[in-house]
Amino acid sequence: MAKIELKPVGTNLLKSVSGESVELQSFWRDKPVVLFFLRRFGCQVCRWTAAEISKLEPDLTAHGIALVGIGPEETGLKEFKEGGFFKGDLYIDEKKQCYKDLGFKRYTALSVVPAALGKKIREVTTKAKAQGIQGNFTGDLLQSGGMLIVAKGGEKVLLHFVQDSPGDYVPLEDISNALDISANVQAGERPQCNDDVCTR
């Protein structure tokens, strides 16, 4: 992946859940930040991943690190918030400019089907179902997501992750290592998957 230039992407505007506009760079101005870019708020895998990442929230807070979730549209936000899947602050990238600038790809109507039926996504959806996390198909089904971790003051990109498959996510250990912190959490085990137990 090409090196990310923080200055241009940092001026992109996001909308807070209360309707205020904020620049992306405001999140790393005074502290390091973990920016989790969801595919959709209704995405079952995104909800499970959000719950996983949220396990780190106490350790992130203790180290003065912000945790921010960003969605590409408002569709599904209310249900996502009510479900309590994510412990950080939530924002909307209505123009999807951050998604474009950070290289988060868009599927086509043809390419999204095999991606959604792949083994990785079946493994995670099985795990999500086991934890009672459901999803829906409302909103933009073609957008992928990822993660950006930035050091305080925007001095350095500590991690830039782009989903290849909709089932891809950053393990908690990789997030902790990127931030050089130790975390006292147990990552959710990815299920063993076969055709008998993994259904969409």
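Biologist: Leaving aside neighbours within four places in sequence, which residues is isoleucine 175 in contact with?
Modeller: This is a predicted model. Once the neighbours within four places in sequence are set aside, the contacts of isoleucine 175 are Val34, Ile53, Leu56, Met147, Ile149 and Val170.

Biologist: Which residues have the most contacts inside the largest nonpolar core?
Modeller: In general, nonpolar side chains of soluble globular proteins tend to be buried together. The largest nonpolar core here has 31 residues. Those with the most contacts inside this core are Val34, Met147 and Ile175.

Biologist: Which element gives the largest share of this core?
Modeller: Strand 3 (33-37), helix 2 (44-54), helix 4 (77-83), strand 5 (89-92), strand 6 (146-150) and helix 8 (172-179) each give two or more residues to the core. The largest share is five residues, and the element it comes from is helix 2.

Biologist: How many residues are in the other core?
Modeller: Another core lies apart from the largest one. Among its members are Trp28, Val68, Cys98 and Leu102. The number of residues in this other core is 20.

Biologist: How many residues apart in sequence are the parts that glutamate 94 and lysine 15 tie together?
Modeller: The structure holds eight salt bridges. In one of them, the side chains of glutamate 94 and lysine 15 meet at 3.2 Å, N to O. Glutamate 94 lies in the loop between strand 5 and helix 5 (97-101) and lysine 15 in strand 1 (residues 13-16), so the pair ties together parts whose separation in sequence is 79 residues.

Biologist: Is glutamate 94 buried or exposed?
Modeller: The relative accessible area of glutamate 94 is 51%. The cut-off for exposed is over 50%, so glutamate 94 counts as exposed.

Biologist: Is glutamate 52 buried or exposed?
Modeller: Glutamate 52 forms a salt bridge with lysine 55 through their side chains, at 2.6 Å, N to O. Lysine 55 is partly exposed at 30% relative accessibility. Glutamate 52 has 4% relative accessibility, and buried means under 20%, so glutamate 52 counts as buried.

Biologist: Where is aspartate 140, the partner of arginine 106?
Modeller: The closest N and O atoms of the arginine 106 and aspartate 140 salt bridge are 2.7 Å apart. The pair links distant parts of the chain, 34 residues apart. Arginine 106 is in the loop between helix 5 and helix 6 (112-116), while aspartate 140 is in the loop between helix 7 (119-130) and strand 6.

How values were computed:
Residues numbered from 1 in each chain as written. Predicted model: local features only at pLDDT ≥ 70, side-chain atom pairs only at ≥ 80, totals over all residues. Heavy atoms only, no water. Core = buried A, V, L, I, M, F, W, Y, C linked by side-chain atoms within 4.5 Å. Buried < 20%, exposed > 50% of the residue type's maximum accessible area, 1.4 Å probe, protein only. Helix = DSSP H or I, 4+ residues; strand = E, 2+ residues; numbered from the N terminus. Contact = heavy atoms within 4.5 Å. Salt bridge = Lys/Arg side-chain N within 4 Å of Asp/Glu carboxyl O.
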